[in-house]
Structure formats: structure tokens, C-alpha cells
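Visitor: Hey, could you walk me through this one? I'm new to reading structures.
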2 protein chains.
Amino acid sequence: MSELRTLRVALLGAGSVGSQVARLLIEDAAELSARAGISIDLVGVAVRSLDAARDFDIPAALLTTDAHELVRRADVVIELIGGIEPARTLILEAIASGADVVTGNKALIAAHGAELFAAAARVGALISYEAAVAGAIPIIRPLRESLAGDRIERILAIVNGSTNFILDRMDRFGDTMEQAQKTAFELGFLEADPTLDVGGYDAAQKAAILARLAFHGEVPADSVYREGIEDITAEQIAAAAKAGCTIKLLAITERVSGAAGEGISTRVYPALIPREHPLASVHGGNNAVFVEAAAAGPLMFYGAGAGGVQTASAVLGDLVSAARRHVDGGPGQAVNAAAALPLLPFGEISTKYQISLTVIDRPGVLARIAGILAEGGVSVETVEQSVPEEGENGEAVAVLVIGTHTSREAAVQDTVASLRSSDAVKSVVSVLRFEGA
Amino acid sequence: MSELRTLRVALLGAGSVGSQVARLLIEDAAELSARAGISIDLVGVAVRSLDAARDFDIPAALLTTDAHELVRRADVVIELIGGIEPARTLILEAIASGADVVTGNKALIAAHGAELFAAAARVGALISYEAAVAGAIPIIRPLRESLAGDRIERILAIVNGSTNFILDRMDRFGDTMEQAQKTAFELGFLEADPTLDVGGYDAAQKAAILARLAFHGEVPADSVYREGIEDITAEQIAAAAKAGCTIKLLAITERVSGAAGEGISTRVYPALIPREHPLASVHGGNNAVFVEAAAAGPLMFYGAGAGGVQTASAVLGDLVSAARRHVDGGPGQAVNAAAALPLLPFGEISTKYQISLTVIDRPGVLARIAGILAEGGVSVETVEQSVPEEGENGEAVAVLVIGTHTSREAAVQDTVASLRSSDAVKSVVSVLRFEGA
């Protein structure tokens, strides 16, 4: 962790995640460097074949087939090869040469985490692996740091997008297991050999990593009890629905008071969970980690669990954080004046609006209001008028609720002022904005 | 960031959060120290009055009314006084004396963050403030570090539990604003002076902090456009429901392409959001932060937004993380052998089970199955038998679905083995476990 002028980054592997990491490191180099406070330079990408087709066209000058040589000239090594070897050896070489490591390799962390972390601790190197569990969802750092002062009781997690997609299809579309697997395969949610996903092996590796973080002890991946979803039938899903439940493949790790005293249980199996549980609403290929902590209470972290560019987000977050450590030894502060965008006045936003007015119910009023809106450049999507009621002066008064298309705030404010001063309008009851649509 | 043998911690303030932090620092001192890798010693608690009543009875020897003196003998200062002064001066004194700072003071970070972060950067001190936004929910660290390599497009956040409680009461129970505020006050969700919450001022401070983290630039709290929920009526809530929406007080910060080019808009107002949006399901006093990032896609962080012990979780997470920095300059690894719990065999877990059997439909079969379950110590909660159908040999075969009370896995496995070998049972179709109930 010395002071550097530039941070030399070696990328090992250029598959679906690796090629997205390469793309973002090249396209966003200036912004990432500004945020980290140090120039982040991609010095090479180790691949098996120089001329393989890739999602992103990595400049040939960066490509090499000699990963070992590349590791020796890096300050941070990003390992996205996957599997145990040669990933393990390359990471140990990186650590030995004083580099920090960023990896998304769940199999390796689950199987050899203890060895790698010990090697890193000896030389003060950092191993970050946010991408190893739940893709883009920040969960490693929250468990390792944000919840480090709490007592975690239980984690229930959907950490395998393929099986969640399959079970969700069965639950929501009535697919059989076979149909759902076929659709998952066609849409790219399932690999040609589905065993790792469907059999729960992938989830078990992630469960071991979560257990280690939650309970501060070694949890070998092969100590995790595991059942897959192969035998789940449409009948079981239907029966679960009748009972107010859905079936999800859960990675579970919890503190248990067993016959032999308190201990940790870590397991993966398809479980019945009540519809009203937040995990029941996790659809498609998404992931979610539900954490119960003694002080914090229940927490949930939700998002995309896989995908090249999504997982690349987690890798780059680890990289920028590792880079900042070389600058000031800390996580850095968020502000970087060079990269900062201006603060826009409120009138510059655009959204949809709901404008509620009371109007005197007489002929021509609606046309006049429509005219004011059109003049103001506010386009109407819906209009609803209430049944008129008798107002104070015996006039018939109606409530008019106008839904607009996306409009500029400034235009809406001007238009509302015009409406307010128009004698067609008795009062502007409210202006509400739509968000999240 | 020197190597220390013990970490001297000063706590400023012993209100609802501070007294919980004191309690956990005293009760869990050994475990927190083991996790941090350094002895964490609470050396004093600064209070206004030595004999005020508190949620936790802090030993008198720790109490002092001289916060300035206490700050001088600490390696980490936890500031939970709130408000601008004397909190600001005390934090600057802490930084000047080389201490790291942990604070939950949203008003101070929103108004004087730039000054405090600059002072800390000059001496390499760390200011952590996870507790300042969304209570126990880890959001500061995920935004500052995990998403540091991504491009955040928009944050929509429910960051004020009081107003969410009020709007949720109106939406789900048909309360008027007045009724809902009364209930919120009675249940402790609203202070005697509700202006800070109801007027959106608290949410605006948090919006400014989120904007700063998301967009890497200074966002003064008073630049945030703000509307409160005071004028929201039962009629508006009902109309929103009719339109498939609910109304939530949202803190919003987003990248906007305005007339003058790209910039940041940060604002707080009650907004209509569709029922199917994840934020619409955030009930009661809970908080949630919905983040849209270019690479990661949509993410949501959900949990308790306030409460003394919940917020204390965030404070202690920051403290342990700061402590680890003094040990090895990094976030530390999660494993601490001394504190680790044993891994329990799978048979030790307890949950509820759903056991599905096919049985020959003849008199006495149900009694025999019930007997096997009772012998195994597995208590039955529900039994459902399907209409019998004709099986292979012309026998009438029925499906029996048994729901159990909470039972031990080992007992269930033994019992299922007994069922399988009983001639009353044709086959064991499946054994599924309930979770999250």
C-alpha cells in the first residue's frame, strides 16, 4: 500500500464479465481515475486465445496469453477467469508481488478463501470479492463492514438467478419444470450444463461465503447442506400457492441453538416461503439477500444477481475502493470537484404531473383550461371530472384531475400560475408529481 | 492511522442512540474487540447532565460533562449529540487531535460536510456516517465504495420513517392526516414538534447527503427543493389508490439533461408512485433506498430507518471498520477464530415441514401415519388428503400433505424413513421446509 502515481491494473479473463470490465475501464478511465484520485491504467488483459470473439473489442496491444508475466507488472489484479486453477495460483502470485486483488470467483473464495486471505494478511494486501455473491448487489461490504458491530442472527438469500427464474416461471406462468428450464436456457438464464445452478451447487458456494462473513468463522463450501430444485413439480408449486406460499431456492445461514450448544447452520434447499415475505416478491433472474441482525432488525438487499455488465459494476467498485486505499489509506470521500456536475434549478426536472382543480361547471370551461395547458406546453394524458356539487354561491362546482405527459417543472409551474389566475378555475387543489413509473 | 494496542473510544451524547451504543460497547466489548482485532475501550461518555435518566444505566465513572477534554484522550470519537454546535467544533477538535470520527449527525454532514471532510483529509482521519441516512440500512458505504465504479442515474428514497408511517396509515387504514399524525405521535413515530419530519426538512438533509455520494459533488442542503406532506389529504390518497398509485414522501436525486446541459437535481416531495414499484411496499416506519445505476441496474436497500438500537448498529459498524483500519490499514477479513461458533450438523436445525405422501386409501391408514409421526416426536399442525384416485393395482391411492409444527431436522429425517418403510405409505413424494414465516 505505497503511494503511487498511477495504478497499474491487470485483468485476467475476458468472458462476459471481463470484457465489460475492460470496456468500462477503457471508456470511463478518466472518470474512474478522478473518483479514485489516482490514474487507473489498464496495463493488460490475459486471455486464453488472442483472437477469440468478445462482447467488447479489446485493443490487441493489451492482450496477452501470459497471465503470470502480466501479474508481475500490476498494482491491482482483477481475476475473472473463474474456477480453481490457474486462478488460485495467479492470485497467490499477485499477493506475493504486493498487489491487491479483486475477484468475482465464488468457487475459489468458497473453497480456498482461508488460504488466500491468510496470504493477503501476511503482506497487507487486500482481496475484494463483491462480485462473488449476488452480482451487482452490494452485500460483501455491508456484511463485512456496515454490520461488523452487530450480531447477525440469520441470512435468507436468493443468490442464484437461474433457479429463481425457473421457479418464478413455474409460479407465475404455470410452467412445468421442463418448460421453465427450456425457457431459461433459451433466454440465457441457464447454461448448457445446468447442474451447477439447478443442483444448488452455485448457491451453496455463495452460502458458504455469506456464512463466513456473517459469523466470522471458516465455513467450507462442502460443509453446506445442499438440495437442488430438480424434483420440484408444478403440483408442488400449485399446492404452495394454495397455502399462501411460493417456493424459492434459498441459501440460508443462521445461528442455531442445537443440542450441542450454539452454532452455525448453513444450507441450500427449495423452501416454502409466505407470499407476504419480501423474498417472495423477488421475480425473474433477480437476487436478494434478507439479513436479520440483533440490533439492525431485518434488512433486505435487492437487485440483479448476474449479467456481465451488472457484475462488472461490483468489480469496478472494488477496484476504485482499492485504488483509494493507495491514495489516502481510507475509503476516500465522495467529492471530486473536477468530475462534479452542476446543480440544476428545480424547474429543469421533467416528470409526469397530476393537477387537481376545482372549476365552475359551465360550458366552455374545459376548453379554456385545455387551452391554458396547451399554451403552457403541458400535454394532457388523462382528464377526470367529478360529478358537480353545489358550491358556496349556488354555482355547480366540479373537481378536475388532470394527468400530464412528461413535462418540464418550470412549464408546469407557469401553467399552474396561469390556471390559478384564470376565472375558469376556482382553485388549484394540488399539484403532485409521479415518480418511479 | 498508527498501530495501537487499544482503541480509546469517546462517546459524545447519550440519547436514544447514544445510550444503546454505550450499552453494546459495554456488553459486547469482547466480541467487538475480537472482530476488530484490537481492544475497543469506551473511555468516556460526554453528557449534558450527569444524573439524567437514560435507556441504559451508564457507569458513573464513564460520564463527564467536559466533552472537549474527553475528545483529547480518544482515538475514535463517536458524535451523537446532533445539531450543528457544539457537534461541529467537537468533531473538528477530534480531527485536529488525530482521531477518527463516527457520527450519525445528518444535519451537520448536510450543512458542513465539505468543511469536515476537508479537515479530515488534511490529516488522514476518517469520518464515517452510516447512521446519518436510513438508520440501520447500509447505504453510505455501498454508495461510496461498492458503487464507486458505476454511474448512478437516479436515487429514489424513503428516508423519513415518521412521514412514511403517516402516509402508510392513510393509505392502508383510511386515516385522515390528523388521525395519522396523532397515531404516529402516540406510537413514538413523531416528535412533539413534527415540523422537521412532516415538513420534509429531515428528508432534505438526507437527500443532500445521498446526492453528494451519488454524484461526487457538493450539494448544500439548502439547495434541495423541498415540499412536506402537510397538505396531503385522505381524498388525494384515495384518488391515488384509484389510479393504481400510493403517495410516498421521496428524497430524489438524479442526473438530468436540462436546457443548460447535464446536471444534478435533488428534491423532496410527496409523489405518486405505482403500486408495483418496490418502494410502494415499504410500510410503517421503514426506510428504503432505490438506486438506478448504469451498469448495476436497479438496486434496493430496505430496513428500519430509525430507532435507537437499530441506528446503534450502523454506528458500531463504522466503529469496528475504523478500528480495523488502525490494525491493518484495510477493512480486515471477517474471520476471527477466537470468536467463531462451531458448524452444526444439518440435523440440528429446526423449522416447519411439509411432508407429502401417497397412501393406500383404507381405514386405519391415517391413524397409523399419525402414530409414526407422534413416535418420531414430530407434531402435526395440518393434514390435507386429496380425493382418492385409482392406482396401478386398482387400489384407491390418495395424496396426504402433512404440515408440521416446528421440529428438529434429525427427528423429521428419522420419521420420514419410518414412513417410507411403513406399508401404510406407498411413497414419500416430497419433504419441503418452510422458511421466513
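This is a predicted model: local features need pLDDT of at least 70, side-chain atom pairs count only at pLDDT 80 or more; totals for chains, interfaces and linings use all residues.

Visitor: Okay, where does helix H5 of chain A bend?
Guide: H5, residues 106-123 of chain A, bends at A:His112, by about 85°.

Visitor: And which of the residues in H5(A) are buried?
Guide: They are A:Lys106, A:Leu108, A:Ile109, A:Ala110, A:Gly113, A:Leu116, A:Phe117 and A:Ala120.

Visitor: What covers them?
Guide: The cover includes helices H4 (87-96) and H10 (201-215), plus strands E5 (100-103) and E6 (127-128), of chain A.

Visitor: What comes just after H5(A)?
Guide: There you find A:Gly124, with a positive phi of about 75°.

Visitor: Switching to chain B: at what angle do H7 and H8 pack?
Guide: About 130°, and their axes are 9 Å apart. Angles from 65 to 115 degrees count as roughly perpendicular and those over 145 as roughly antiparallel, so H7(B) and H8(B) are oblique to each other.

Visitor: Is that crossing left-handed or right-handed?
Guide: The crossing of H7(B) and H8(B) is right-handed.

Visitor: Which residues meet there?
Guide: From H7(B), B:Ser162, B:Phe165, B:Ile166, B:Arg169 and B:Met170 meet a group in H8(B) that includes B:Met177 and B:Ala180. By class, this contact has six nonpolar, three polar and one charged residues.

Visitor: Last topic: how many residues does each chain put into the contact?
Guide: Chain A puts in 101 residues and chain B 100 residues. On the chain A side, helix H12 (residues 308-328) gives the most, with 12 residues. That side divides into 60 nonpolar, 24 polar and 17 charged residues.

Methods. Residues are numbered from 1 along each chain as its sequence is written. Chains are lettered from A and ligands numbered from 1 in the order in which they are written. The bend at a residue is the angle between axes fitted to the seven residues ending there and the seven starting there. Helices (H or I, at least four residues) and strands (E, at least two) are DSSP runs, numbered from the N terminus. A residue is buried if 20 or more other C-beta atoms lie within 10 Å of its own, exposed if 12 or fewer, and partly exposed in between; C-beta atoms are placed from the backbone. Two residues are in contact if their C-beta atoms, placed from the backbone, lie within 7 Å. Axes are lines fitted to C-alpha atoms, for helices over the stretch in contact, and angles run from 0 to 180 degrees between N-to-C directions. Angles under 35 degrees count as roughly parallel, over 145 as roughly antiparallel, 65 to 115 as roughly perpendicular and the rest as oblique. A crossing is left-handed if the near helix is turned anticlockwise from the far one by less than a right angle, and right-handed if clockwise. Ala, Val, Leu, Ile, Met, Phe, Trp, Tyr, Cys and Pro count as nonpolar, Asp, Glu, Lys and Arg as charged, and the others, Gly among them, as polar.
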